Amino acid sequence: MNRHISSLRTIKRVLRAVLGAGAVLATVPALAAEPVTSDAAQVAEGEALYEALCAACHAPDANRIGPAHREVFGSRAGSVDGFSYTPALQSLDVVWDEETLDRWLAAPAAMAPGTSMGVSVPDPDRRRALIAFLRSLSVAGR
């Protein structure tokens, strides 16, 4: 079974147990068939996707296999203190915003050949949700 689908099913089961079946789809739109329509819903979807796709290597507040993501929105690529970046990221001259994060998440190796980032997010709606979540981790959602 696809690991992502399995993770989303696990999240859905946990939320049903905690919130009740009716609240799950309203709380985590990534698990619903309907598109995300509000900023809060998009951030919630992005958080669920972050847990499913990113959390194995990243965390908001700690460097792991990948760098911490708190305050990444609006920062320069390769600038998280205490993280050892590949030369590809050290030389990438971008500030992370909607456009650059969208390009990065769509095809990291195309944007920075030699990067160790091995995950891409081909679906533009999922990228938008992840970006909304990353933006929410920044001061005042810059």
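These legends describe close-up views of a predicted model. Local features need pLDDT of at least 70 and side-chain atom pairs count only at pLDDT 80 or more, whereas totals for chains, interfaces and linings use all residues. Residues are numbered from 1 along each chain as its sequence is written, and side-chain values use heavy atoms, with hydrogens and water left out.

View 1. Helix H5 spans residues 98–106, helices being DSSP runs of H or I with at least four residues, numbered from the N terminus. Thr100, Leu101, Trp104 and Leu105 of this helix are buried, meaning under 20% relative accessible area, while exposed means over 50% and partly exposed in between (1.4 Å probe, protein chains only). Because these four cover an arc of only 125 degrees around the axis, they lie on the same side of H5; the arc is that of the directions from the helix axis to the C-beta atoms.

**View 2. The salt bridge between Asp102 and Arg127.** The side chains of these two residues meet at 2.7 Å, N to O, a salt bridge being a side-chain nitrogen of Lys or Arg within 4 Å of a carboxyl oxygen of Asp or Glu. Asp102 lies in helix H5 and Arg127 in helix H7, so the pair ties together parts that are 25 residues apart in sequence. Arg127 is buried, at 10% relative accessible area, and Asp102 is partly exposed, at 25%.

**View 3. The salt bridge between Asp61 and Arg70.** The closest N and O atoms of this pair are 2.6 Å apart.

Definitions and conventions
Helix = DSSP H or I, 4+ residues; strand = E, 2+ residues; numbered from the N terminus.
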